[in-house]
Amino acid sequence: MKHMGPFRLETCARPNILSLQPYRCARDDYKDDGTNILLDANENAYGPSLDVLGNLHSDCSNPNGAIDPKKLDIDLLGLHRYPDPHQTELKQQLCKLRNLHTHTTRDLSPEHLFVGVGSDEVIDALLRCFCTPSHDKILTCPPTYGMYAVSAQVNDVKIVKVPLDPAKEFQLQPKAINAALSSDPSIKLVYVTSPGNPTANLLEKSDIQQLLEHPTWNGVVVLDEAYIDFSPDGASLAEWVTEWPNLVVMQTLSKAFGLAGIRLGTAFTSPEIARLLNNLKAPYNISSPTSALAIAALQPDNIAVMRKNRARIMEQRQRLVHELPKISRIGRFLGGTDSNFLLVEVLDKPKNHGGKPSNESAMALYEGLAETRGVVVRFRGKEMNCEGCLRVTVGTSAEVDRLLAEIRSLLKDEKLIDPSTNGGECRTKKAGEMKEQEASDVVA
């Protein structure tokens, strides 16, 4: 017999937590079963930037492509000890990577850094540091990364939204943002993303500066640079935190460095903000293996591997930019080409027949690729001003070959792109919209 007593979960738990929808990530819909081509989570298709002993593929990899841990400098016998709570050596390497003196003559130091379990911990830590639950707010600029909203709901923080400007390739609207900040002092954080996700474009430095120079707002601008290493050299504003006490620049080793599995995110900011974030974190939040792998990736030989892989990705990115528009039912690229993914429209009929962006057609192509061809991309048609859009991660040369071939094949199928059908089965508008929303809710 189940003992109940006075306990009632629905009145004991926080209301905002009870209302949370389950977190959905890229692998919830389509698994990594070894056969699927995964172009949906903006991972690095060429693998981790760890060229151990100078010959990653022939000397340092197992037959299945996994790096041999015996050839990495990881102290396995030291795993019974807690890791370094301050991660000073790791922070020194991160500063060395970003001290380029492109935007300032000042130097970053470990005192300017907080490191967390992926950028997600940084996003959450900033909310806990600056926002009082049920009182304060954050401002976001959709379409944008979904984790800002997830963390805000967890922390019972409301969101004010000022959209990116689709007429200006999804740039910020600094005057509108500053007006919102002037009218609502409860906004404590502004999250902006450069390059954007899903828009893949760098934000204008002058627009960000306008936010930092707001004459009355007492808050923090958080610049998410997760994809910055796919942009032109010198694009990162990380070193700018030495000039602006109200700026946080987030980065990660998950993307260009190909280390999504170690979960390492960083926040460059003023020493004062960094101190607050370090004071509130768990004492040993970065594991010893994560720290060792990150430090290894930041050594000159491995940075060279990252740059080589980045060049290969950029070559395939340009190939997609050139080849996708040749397909009759593929429309425009929205945003930019400053990342390892592209945002592209799917049309309801061929361009020369007046085709328009269509969520139904984009969803049908998304499902057709994943369920019948083993190629997984990301549906983004429900994002603001992204009607009919798919977000496509740039893959290897062979993966791009396969992607292009399967898109061409599927878009020849009239039933696939007919909004009223899906694989020959009738689909009501309501059911179709529900599927679209489910696909769009994936945070990636």
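A charge is said to sit over a ring if NZ of Lys or CZ of Arg is within 6 Å of the ring centre and within 35 degrees of the ring normal. In this predicted model, Lys 205 lies over the face of Trp 240, at 4.9 Å from the ring centre. Another such contact involves Arg 391, whose charged end sits over the ring of Phe 341, 5.6 Å from the centre of that ring.

Both of these rings, Trp 240 and Phe 341, also belong to aromatic pairs. The structure holds six aromatic pairs, including the two in the table.

| Aromatic pair | Geometry | Centre to centre | Angle between the planes |
|---|---|---|---|
| Tyr 227 and Phe 341 | edge-to-face | 5.0 Å | 75° |
| Trp 240 and Trp 244 | edge-to-face | 5.9 Å | 75° |

Where do Tyr 227 and Phe 341 lie? Tyr 227 is in the loop between strand 6 (220-224) and strand 7 (247-252), while Phe 341 is in strand 10 (residues 341-346), so the pair ties together parts that are 114 residues apart in sequence.

Are Tyr 227 and Phe 341 buried or exposed? Both of them are buried. Trp 240 and Trp 244 are both buried as well. The cut-off for this word is under 20% relative accessible area.

Aromatic residues also come together in a group of three: Tyr 145, Tyr 148 and Tyr 191 make up one aromatic cluster.

The surface has a feature of another kind. Phe 7, Leu 9 and Leu 18 make a nonpolar surface patch of about 300 Å². Of these residues, Leu 9 lies in helix 1, which covers residues 9-12.

Conventions: Residues numbered from 1 in each chain as written. Predicted model: local features only at pLDDT ≥ 70, side-chain atom pairs only at ≥ 80, totals over all residues. Heavy atoms only, no water. Patch = residues over 30% accessible without salt bridge, like charges linked within 9 Å, V, L, I, M, F, W, Y side chains within 5 Å. Areas by Shrake-Rupley, 256 points an atom, 1.4 Å probe, with all protein chains shown as cover. Salt bridge = Lys/Arg side-chain N within 4 Å of Asp/Glu carboxyl O. Helix = DSSP H or I, 4+ residues; strand = E, 2+ residues; numbered from the N terminus. Phe/Tyr/Trp six-rings, centres within 6.5 Å; stacked < 30°, edge-to-face > 60°. Buried < 20%, exposed > 50% of the residue type's maximum accessible area, 1.4 Å probe, protein only.
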